[in-house]
Amino acid sequence: MELLTFRRAFKCNYYTACFLCYRCCCFLLLATSVVDVNAASLQDAECGSLNEEQLLRQTDFAVPTEHQWLARITYENGHEEKLPNDGCLGVLISKRNVLAPAHCFVQYDGQADAYSVQLGVWNKSSNAHEVVCDKDGYCVLPAQDIQLSEIAIHPEYDPLTLKNSLAVLRLQRDAKFSHNVMPICMPPLSLTNETLVGEMFVVAGLPIKDMFKHKTWVNTISRPYCQKTHNSLITSSTTICGYQDRMKTYYQGAPLVGIQVQSDVPQNFYLVGLLMDSKEVAKKERIVSSFLDIRPYLSFINRNAEGLIVKS
């Protein structure tokens, strides 16, 4: 298990998994009031791990063992200050590859620039290689900070309109899969040509104004309606629009995921898109977002990534 949790004064409790108490000598026992994540089921999942009780617990926060594919992009020389909202995210798709928007990397000189990705980030204010503990004593193992060896930018990326804004990142070493680091499944072939309008998906990311990983439902709308009603939003022929269930604005690149169901039982999450833009609407009572639909880019992704998992 890769998640450490404890309560002060040895009053141990859980987010979703148990481990030997950090800096103490007690073993945690399963708390019946909170969901347990079965170790074997996580190992069997391989990608897109889904726990239905976690899914239905729609609080603002996502616990560390939810949406484990979230990747935070890091830069050298304070480069984050030049980015929209000071940060970008990506999504882990294999042991060696992360997807992210191309405009998070390509600067005015046309060169792709980034340093590393951090996997397993739950608190964005914490430093890599440090155990993260909140004020109540819950602790999470450090994020994995892995440097990049290559950035493949989509050949038709347009930095002016942000069309085809997609990059495949290659890591210098394999990510270590655990309860809080796991890749997302790629879209199943059966859904390649299905409509994305009038659907409900989930997006998880690091909020601009909060420290911890959050999640929310997204209800999708048609592109014509989106472009007519929200014409200041970044859209193109390969974007998806939707209204978020909660008033949180995330770093760009936050992954939008769908749910595969078999015999009426949710099986796993799969990747739908990457966050491109968000706007507050209806007198700041609602957020509408646009996401890059990754399905038109599967050939580009397959050419530049290895070890992708598709669950039929």
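Strand β9 (residues 200-205) pairs with strand β10 (residues 214-221) in the antiparallel sense over 6 bridges, where strands are DSSP runs of E of at least two residues, numbered from the N terminus, and two of them pair if DSSP finds at least two bridges between them. Within this pairing, Val203 stands opposite Thr216 in β10. Both strands belong to a closed barrel of 6 strands, which runs β9-β10-β11-β14-β13-β12 with antiparallel pairing.

This is a predicted model, in which local features need pLDDT of at least 70 and side-chain atom pairs count only at pLDDT 80 or more, while totals for chains, interfaces and linings use all residues. Residues are numbered from 1 along each chain as its sequence is written, and side-chain values use heavy atoms, with hydrogens and water left out.

The largest nonpolar core has 47 residues, and Ile93, Leu99, Leu169 and Ile301 have the most contacts inside it; such a core is a set of buried Ala, Val, Leu, Ile, Met, Phe, Trp, Tyr and Cys residues joined through side-chain atoms within 4.5 Å, buried meaning under 20% relative accessible area (1.4 Å probe, protein chains only). Among the elements that give two or more residues to this core are β1 (70-74), β8 (167-171) and β13 (265-281). A second, separate core of 21 residues includes Leu89, Ala143, Leu196 and Leu256.

Confidence is expressed as pLDDT, the predictor's confidence in each residue, from 0 to 100. The protein chain has a mean pLDDT of 80, with 78% of its residues reaching 70 or more.

Notes:
Buried < 20%, exposed > 50% of the residue type's maximum accessible area, 1.4 Å probe, protein only. Helix = DSSP H or I, 4+ residues; strand = E, 2+ residues; numbered from the N terminus.
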